[in-house]
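Q: Hi! Could you walk me through this structure?
A: Happy to, let's take a look together.

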Amino acid sequence: MKYSAIITDIEGTTSRISFVTDVLFPYAATELPAFIQAQQHNEAVATQLQACRNLMQQPSASLAQINEQLQQWIAQDAKVTPLKALQGMVWQHGYQSGAFTGHVYADAAAQLHHWHNSGIKLYVYSSGSVQAQQLLFQHSDAGDLTPLFSGYFDTQIGAKRDISSYAAIVQQLQLPPKQILFLSDVTAELDAAAPLGIDTVQLIREGQTAGSHKVASDFYQVLEQ
(Lines give C-alpha, C1' and ligand atoms only; values in the text may rest on other atoms or scores of the structure.)
Protein backbone atom coordinates (compact mmCIF):
# COMPACT_ATOMS: atom_id res chain seq x y z
CA MET A 1 0.00 0.00 0.00
CA LYS A 2 1.15 3.50 -0.80
CA TYR A 3 0.96 5.68 2.32
CA SER A 4 0.69 9.44 2.15
CA ALA A 5 2.03 9.82 5.69
CA ILE A 6 4.00 7.81 8.24
CA ILE A 7 3.93 8.78 11.91
CA THR A 8 6.68 7.36 14.09
CA ASP A 9 7.25 7.04 17.80
CA ILE A 10 10.81 7.58 19.06
CA GLU A 11 11.72 5.43 22.10
CA GLY A 12 12.01 1.79 21.08
CA THR A 13 11.09 2.68 17.49
CA THR A 14 13.60 5.06 15.88
CA SER A 15 15.87 5.10 18.92
CA ARG A 16 17.07 2.93 21.81
CA ILE A 17 14.91 3.16 24.93
CA SER A 18 18.14 3.16 26.94
CA PHE A 19 19.27 6.42 25.30
CA VAL A 20 16.50 8.23 27.16
CA THR A 21 16.85 6.37 30.45
CA ASP A 22 20.66 6.18 30.54
CA VAL A 23 21.63 9.50 28.91
CA LEU A 24 18.83 12.07 28.72
CA PHE A 25 17.04 11.53 32.04
CA PRO A 26 20.21 11.56 34.19
CA TYR A 27 21.50 14.66 32.40
CA ALA A 28 18.23 16.51 33.02
CA ALA A 29 18.06 15.39 36.65
CA THR A 30 21.58 16.74 37.25
CA GLU A 31 21.22 19.99 35.34
CA LEU A 32 17.61 21.04 36.08
CA PRO A 33 18.14 22.64 39.53
CA ALA A 34 20.81 25.10 38.33
CA PHE A 35 18.91 25.72 35.09
CA ILE A 36 15.68 26.60 36.90
CA GLN A 37 17.52 28.84 39.34
CA ALA A 38 19.28 30.74 36.56
CA GLN A 39 16.33 30.93 34.14
CA GLN A 40 13.33 31.30 36.46
CA HIS A 41 12.50 34.78 35.10
CA ASN A 42 12.69 33.65 31.46
CA GLU A 43 9.11 33.78 30.18
CA ALA A 44 9.12 30.26 28.71
CA VAL A 45 10.63 28.80 31.89
CA ALA A 46 8.35 30.78 34.18
CA THR A 47 5.31 29.49 32.29
CA GLN A 48 6.36 25.88 32.86
CA LEU A 49 7.18 26.52 36.53
CA GLN A 50 3.66 27.89 36.98
CA ALA A 51 2.27 24.82 35.23
CA CYS A 52 4.19 22.67 37.72
CA ARG A 53 2.67 24.61 40.62
CA ASN A 54 -0.79 24.10 39.15
CA LEU A 55 -0.27 20.34 38.84
CA MET A 56 1.17 20.21 42.36
CA GLN A 57 -1.85 22.24 43.57
CA GLN A 58 0.62 24.46 45.41
CA PRO A 59 0.32 28.01 44.01
CA SER A 60 3.20 29.24 46.19
CA ALA A 61 5.58 26.32 45.73
CA SER A 62 9.23 27.36 45.94
CA LEU A 63 11.85 26.48 43.35
CA ALA A 64 13.18 23.85 45.75
CA GLN A 65 9.74 22.27 46.06
CA ILE A 66 9.24 22.36 42.30
CA ASN A 67 12.61 20.74 41.73
CA GLU A 68 11.79 18.01 44.24
CA GLN A 69 8.58 17.30 42.33
CA LEU A 70 10.41 17.35 38.99
CA GLN A 71 12.93 14.83 40.29
CA GLN A 72 10.09 12.55 41.40
CA TRP A 73 8.45 12.82 37.99
CA ILE A 74 11.75 11.99 36.28
CA ALA A 75 12.21 8.92 38.51
CA GLN A 76 8.67 7.81 37.65
CA ASP A 77 9.08 8.55 33.92
CA ALA A 78 5.89 10.58 34.32
CA LYS A 79 4.36 11.92 31.09
CA VAL A 80 3.94 15.42 32.52
CA THR A 81 3.90 18.23 29.97
CA PRO A 82 5.78 20.95 31.97
CA LEU A 83 8.47 18.42 32.93
CA LYS A 84 8.90 17.44 29.29
CA ALA A 85 9.13 21.10 28.28
CA LEU A 86 11.77 21.90 30.92
CA GLN A 87 13.73 18.76 30.07
CA GLY A 88 13.74 19.85 26.44
CA MET A 89 15.25 23.20 27.37
CA VAL A 90 18.01 21.53 29.39
CA TRP A 91 18.69 18.92 26.72
CA GLN A 92 19.12 21.70 24.16
CA HIS A 93 22.22 22.82 26.00
CA GLY A 94 23.49 19.25 26.20
CA TYR A 95 23.07 18.64 22.48
CA GLN A 96 24.51 21.98 21.46
CA SER A 97 27.51 21.61 23.76
CA GLY A 98 28.27 18.16 22.36
CA ALA A 99 27.65 16.39 25.67
CA PHE A 100 25.79 13.72 23.67
CA THR A 101 24.18 13.06 20.29
CA GLY A 102 20.71 11.66 19.66
CA HIS A 103 20.64 7.92 19.10
CA VAL A 104 18.86 6.82 15.92
CA TYR A 105 19.05 3.27 14.59
CA ALA A 106 20.91 3.10 11.26
CA ASP A 107 17.97 1.33 9.59
CA ALA A 108 15.60 4.05 10.81
CA ALA A 109 17.79 6.84 9.45
CA ALA A 110 18.16 5.07 6.09
CA GLN A 111 14.44 4.37 5.67
CA LEU A 112 13.37 7.83 6.81
CA HIS A 113 15.54 9.22 4.01
CA HIS A 114 14.08 6.69 1.55
CA TRP A 115 10.46 7.35 2.50
CA HIS A 116 10.98 11.11 2.37
CA ASN A 117 12.56 10.84 -1.05
CA SER A 118 9.61 8.68 -2.14
CA GLY A 119 7.22 11.51 -1.37
CA ILE A 120 5.81 10.19 1.91
CA LYS A 121 5.21 12.86 4.54
CA LEU A 122 6.92 11.97 7.83
CA TYR A 123 5.73 12.94 11.31
CA VAL A 124 6.79 12.24 14.87
CA TYR A 125 4.44 11.53 17.78
CA SER A 126 6.24 11.07 21.10
CA SER A 127 5.57 11.78 24.76
CA GLY A 128 8.71 13.92 24.77
CA SER A 129 8.14 17.58 23.94
CA VAL A 130 8.28 18.74 20.33
CA GLN A 131 11.46 20.63 21.21
CA ALA A 132 13.06 17.46 22.59
CA GLN A 133 12.04 15.53 19.47
CA GLN A 134 13.55 18.15 17.17
CA LEU A 135 16.77 18.30 19.19
CA LEU A 136 17.25 14.52 19.03
CA PHE A 137 16.81 14.40 15.26
CA GLN A 138 18.77 17.61 14.63
CA HIS A 139 21.76 16.37 16.63
CA SER A 140 21.44 12.67 15.79
CA ASP A 141 24.15 10.09 15.24
CA ALA A 142 23.19 10.25 11.55
CA GLY A 143 23.40 14.04 11.32
CA ASP A 144 20.53 16.52 11.02
CA LEU A 145 17.39 14.56 10.11
CA THR A 146 14.91 17.37 10.77
CA PRO A 147 14.54 18.27 7.05
CA LEU A 148 12.89 14.86 6.58
CA PHE A 149 9.93 15.63 8.85
CA SER A 150 6.79 17.58 8.06
CA GLY A 151 5.60 17.92 11.64
CA TYR A 152 5.82 16.84 15.27
CA PHE A 153 3.22 15.93 17.91
CA ASP A 154 3.58 15.54 21.67
CA THR A 155 1.27 15.26 24.69
CA GLN A 156 -0.13 18.73 23.99
CA ILE A 157 -2.37 17.01 21.44
CA GLY A 158 -3.27 14.29 23.94
CA ALA A 159 -2.01 11.14 25.63
CA LYS A 160 -0.57 8.48 23.36
CA ARG A 161 -2.99 5.80 24.55
CA ASP A 162 -6.13 7.88 23.89
CA ILE A 163 -7.98 7.42 20.63
CA SER A 164 -8.92 11.13 20.69
CA SER A 165 -5.24 12.04 20.25
CA TYR A 166 -5.02 10.15 16.98
CA ALA A 167 -8.33 11.61 15.82
CA ALA A 168 -6.88 15.08 16.39
CA ILE A 169 -3.73 14.16 14.44
CA VAL A 170 -5.79 12.80 11.53
CA GLN A 171 -7.74 16.05 11.48
CA GLN A 172 -4.53 18.08 11.35
CA LEU A 173 -3.03 15.93 8.59
CA GLN A 174 -6.22 16.23 6.51
CA LEU A 175 -5.76 12.70 5.15
CA PRO A 176 -7.97 9.61 5.10
CA PRO A 177 -6.84 7.37 8.01
CA LYS A 178 -6.16 4.47 5.63
CA GLN A 179 -3.41 6.55 4.01
CA ILE A 180 -1.62 6.94 7.37
CA LEU A 181 0.77 4.44 8.95
CA PHE A 182 1.70 4.65 12.65
CA LEU A 183 4.86 3.01 14.00
CA SER A 184 5.41 2.30 17.70
CA ASP A 185 6.84 -0.36 19.98
CA VAL A 186 3.92 -0.01 22.43
CA THR A 187 0.84 -2.14 21.78
CA ALA A 188 -1.50 0.18 23.71
CA GLU A 189 -0.58 3.13 21.50
CA LEU A 190 -1.22 1.13 18.35
CA ASP A 191 -4.50 -0.10 19.87
CA ALA A 192 -5.60 3.53 20.23
CA ALA A 193 -4.77 4.43 16.63
CA ALA A 194 -6.11 1.36 14.83
CA PRO A 195 -9.88 1.82 15.45
CA LEU A 196 -9.77 5.03 13.42
CA GLY A 197 -8.59 3.10 10.37
CA ILE A 198 -4.94 4.10 10.73
CA ASP A 199 -2.63 1.27 9.68
CA THR A 200 -0.16 0.13 12.33
CA VAL A 201 3.14 -1.72 12.65
CA GLN A 202 4.75 -2.64 15.96
CA LEU A 203 8.54 -2.43 16.18
CA ILE A 204 9.95 -5.40 18.10
CA ARG A 205 13.52 -4.28 18.70
CA GLU A 206 14.21 -5.00 22.35
CA GLY A 207 12.11 -7.99 23.31
CA GLN A 208 8.76 -6.21 23.39
CA THR A 209 5.67 -8.38 23.63
CA ALA A 210 3.83 -8.45 20.33
CA GLY A 211 0.14 -7.57 20.26
CA SER A 212 -2.36 -8.05 17.45
CA HIS A 213 -0.60 -5.68 15.05
CA LYS A 214 1.78 -6.37 12.19
CA VAL A 215 5.35 -6.49 13.49
CA ALA A 216 8.81 -5.54 12.20
CA SER A 217 12.22 -5.95 13.77
CA ASP A 218 13.60 -2.90 11.92
CA PHE A 219 12.48 -0.18 9.55
CA TYR A 220 13.48 -2.18 6.48
CA GLN A 221 10.67 -4.63 7.28
CA VAL A 222 7.97 -2.04 7.91
CA LEU A 223 6.50 -1.76 4.42
CA GLU A 224 6.99 -5.47 3.75
CA GLN A 225 4.13 -6.24 6.13
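**A chat about the fold**

Q: Is P195 buried or exposed?
A: P195 counts as exposed, because its relative accessibility is 58%; buried means under 20% relative accessible area, exposed over 50%, and partly exposed in between, with a 1.4 Å probe and protein chains only.

Q: Wait, what kind of model is this?
A: This is a predicted model, where local features need pLDDT of at least 70, side-chain atom pairs count only at pLDDT 80 or more, and totals for chains, interfaces and linings use all residues. Residues are numbered from 1 along each chain as its sequence is written, and side-chain values use heavy atoms, leaving out hydrogens and water.

Q: Where is P195 found?
A: P195 is in the loop between helix 8 (187-193) and strand 5 (199-203). Helices (H or I, at least four residues) and strands (E, at least two) are DSSP runs, numbered from the N terminus.

Q: New topic: in what order do the strands form the sheet?
A: The six strands form an open sheet, ordered 3-2-1-4-5-6, with parallel pairing. Two strands pair if DSSP finds at least two bridges between them.

Q: Which strands stand at the edges?
A: Strand 3 (149-153) and strand 6 (214-216) do; each has a single partner strand, so one side of each is left without a neighbour in the sheet.

Q: And how many bridges join strand 1 to strand 4?
A: Four bridges join strand 1 (residues 5-8) to strand 4 (residues 180-184), and the two run parallel. T8 stands opposite L183 in strand 4.
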